[in-house]
Amino acid sequence: MAGIPVHEWTLLDAARAIREREVSSRELTRALLERIDRVNPRINAYITVLPEQAMRDAAACDEEIAAGGARGPLHGVPVALKAIFCTKGIRTTCGSRILHDFDPPYDATVTGKIREAGAVLLGKQNMDEFAMGSSTETSWFGPARNPWATDRIPGGSSGGGTDTGGSIRQPASLCGVVGMKPTYGRVSRYGMVAFASSLDQGGPIARTVPDAAAVLGVIAGHDRRDSTSVDVPVPDYLAATGRSVRGMRVGLPREYFADGLDDSVRTAVEKALEALVSLGAESVEISLPHTEYALATYYIIGPAEASSNLARYDGVRYGYRSEGAKGLIEMMSRTRGEGFGAEVKRRIMIGTYALSAGYYEAYYGKAQKVRTLLRRDFQEAFAGVDVILTPTAPTPAFRIGEKVDDPLTMYLSDIYTIPCNLAGIPGISVPCGMSPDGLPIGAQLLGKHFDEEAIFAAAAAIEREIPLPRVAPEEG
Amino acid sequence: MAITREEVLHVARLARLALSSDEADRMREQLGDILAYIRQLDRLDTSGVVPTSHAVETGTPYRDDSVHPFGEKEEILKNAPDREDDFFRVPRIIED
């Protein structure tokens with residue numbers, strides 16, 4: 001590791017170096033806090049940075065190591081959480097004015113598991129308001145910027161990471177890192193601010209596939225406080241990243257390689273396929289015939305669930321309240337009108353409309369039925385293949401401001417990631433190339449319910465076969 | 001899929017969302033576009049298709065009906081925009 005700046009280390013290297021006392025958690029944490037100081041003013045990746053607390057936690061980790069003990073696999077390793085995960089005593093804004101000063105009374109299950117594993121929390125990361133967006137431009141705290149080209153968006157909604165329609169995988173693709181959305185129910189949603197409850201799922205954004213696998217191993221598992229978390233054994237994901245892909249059947253859905261796909265993305269994903277085939281995987285052409293209906297389905301189900309979940313922000317118990325209203329209803333309406341940004345209001349309006357009397361069957365009922373057809377597409381495809389390979393996003397990162405006033409065009413940037421959420425299956429984005437402009441491109445692998453291992457194996461193989469720069473130049 | 005300004009204001013009232021006049025105009029246009037896009041689902045015949053409300057079917061989970069006290073009342077109340085003792089205080093509920 002000598003000579004490599006610590007911020008370029010992988011999480012697993014850092015964890016090992018701390019355990020073997022080659023480096024202290026304090027050194028590592030200090031180096032990353034200094035990097036945040038240097039880089040964050042340019043990219044606005046963090047809403048909240050916790051320098052004192054992080055250094056205190058790092059010192060405690062170092063003492064434990066000196067006494068001969070490590071808490072868990074992430075002992076002493078600095079990490080960050082998306083501003084959607086509740087952190088007791090640390091403000092949890094969800095990128096919104098309405099929660100700008102919310103101080104949660106408890107930790108999310110994911111927060112607790114990360115802490116139990118020994119990780120040091122550096123801060124809370126920027127995100128689109130309530131995770132609604134594909135660019136982080138809807139954050140009340142200002143847009144984050146792509147570290148590879150600061151006039152471009154980093155993707156959205158994370159931050160790192162929850163994923164309702166692509167919010168882990170799409171930003172990972174656009175920023176040249178790995179993003180994994182597990183099977184719905186794999187990771188507890190307790191303490192994760194709800195957007196669309198039947199679609200939301202937490203997962204890691206990390207530098208490498210083994211790093212992501214290690215983090216998922218920490219945060220996965222059943223939780224009695226989330227009745228939708230599923231009680232199935234958590235396998236050794238890290239071991240899965242070393243598995244051979246020989247004989248693996250890789251499905252290529254023709255609907256994902258049609259019009260609207262950028263040439264540089266197509267070429268890069270083809271390289272990812274060649275890498276798998278060179279290792280003995282078999283490529284299989286498949287069809288997911290209802291793909292073109294996924295986006296419309298998502299833009300009914302997501303907003304309908306959001307309009308219901310976001311009813312709780314009424315200025316009564318926590319968060320922003322509009323002052324000077326004469327009555328309760330006026331206070332609530334003005335609080336919400338002032339506290340929410342344009343995209344959140346738009347989705348609340350769509351959702352309320354779609355659920356309102358006379359429209360429920362035509363919109364929400366219809367979307368739930370099409371969701372069944374989309375799920376069936378995947379079930380039938382997975383009868384003949386082990387994983388599905390697609391682009392993660394149709395283009396590399398677009399420019400800040402380019403799509404912000406055109407919601408429908410913005411929504412199209414999630415076209416390849418949304419079906420996975422509707423079907424509840426796991427998906428991962430792994431870097432597979434660079435555009436001619438030097439922007440990262442990701443390939444997406446989709447797997448069967450609870451078969452994260454297969455997509456970890458395939459993604460790790462692509463990562464080994466296609467070496468790419470993983471860290472953006474500091475002056476970009 | 002045209003939507004009227006009155007419909008926009010009605011939905012905004014249902015959602016307890018105060019919109020400025022400009023916002024209502026913009027919303028009318030954008031909702032119209034989005035709803036028109038969404039209506040492409042009408043092209044699909046879904047008769048006889050069972051709706052999906054959860055993508056991963058696991059049945060209804062049961063749990064013991066047992067009490068787990070939270071115990072940190074002040075941690076909850078301290079976030080209140082306005083309070084009196086252990087109550088959340090709000091503007092008058094019955095308006096004139």
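Predicted model: local features only at pLDDT ≥ 70, side-chain atom pairs only at ≥ 80, totals over all residues.
Residues are numbered from 1 along each chain as its sequence is written, with chains lettered from A and ligands numbered from 1 in the order in which they are written.

**Confidence**
- The predictor gives the complex an ipTM of 0.95 and a pTM of 0.96.
- Chain B averages a pLDDT of 92, and 97% of the residues score at least 70; pLDDT is the predictor's confidence in each residue, from 0 to 100.

**Where chain B meets chain A**
- On the chain B side, 43 residues are in contact with 57 residues of chain A (contact: C-beta atoms, placed from the backbone, within 7 Å).
- Helices α1 (5-14), α2 (21-38) and α3 (73-77) of chain B each supply at least two residues of that side, and α2(B) gives the most, with seven residues. Helices here are DSSP runs (H or I, at least four residues), as are strands (E, at least two), numbered from the N terminus.
- By class, the chain B side splits into 27 nonpolar, eight polar and eight charged residues. Ala, Val, Leu, Ile, Met, Phe, Trp, Tyr, Cys and Pro count as nonpolar, Asp, Glu, Lys and Arg as charged, and the others, Gly among them, as polar.

**Two domains in chain A**
- Chain A is assigned domain 1 (6-292 + 369-465) and domain 2 (293-368), with bounds from an automatic or database domain assignment.
- Their C-alpha centres lie 27 Å apart, and 33 residues of domain 1 are in contact with 27 residues of domain 2.
- On the domain 1 side of that contact, α12(A) gives the most, with four residues.

**The core**
- The largest nonpolar core has 163 residues, of which Val387(A), Ala458(A) and Ala459(A) touch the most other members. A nonpolar core is a set of buried Ala, Val, Leu, Ile, Met, Phe, Trp, Tyr and Cys residues joined through C-beta atoms within 7 Å; buried means 20 or more other C-beta atoms within 10 Å of a residue's own, exposed 12 or fewer, and partly exposed in between, with C-beta atoms placed from the backbone.
- Both domains of chain A give residues to this core, so it lies between them.
- Beyond its neighbours within four places in sequence, Ala458(A) contacts Val245(A), Met248(A), Leu276(A), Val387(A) and Leu445(A).

**Helix α4(A)**
- Six of the eight residues of α4 (109-116) of chain A are buried, so this helix is largely enclosed by the rest of the structure.
- Its cover includes β2 (78-82), β6 (201-202) and α6 (209-219) of chain A.
- Just after α4(A), Gly118(A) takes a positive phi of about 100°.

Notes. Contact = placed C-beta atoms within 7 Å.
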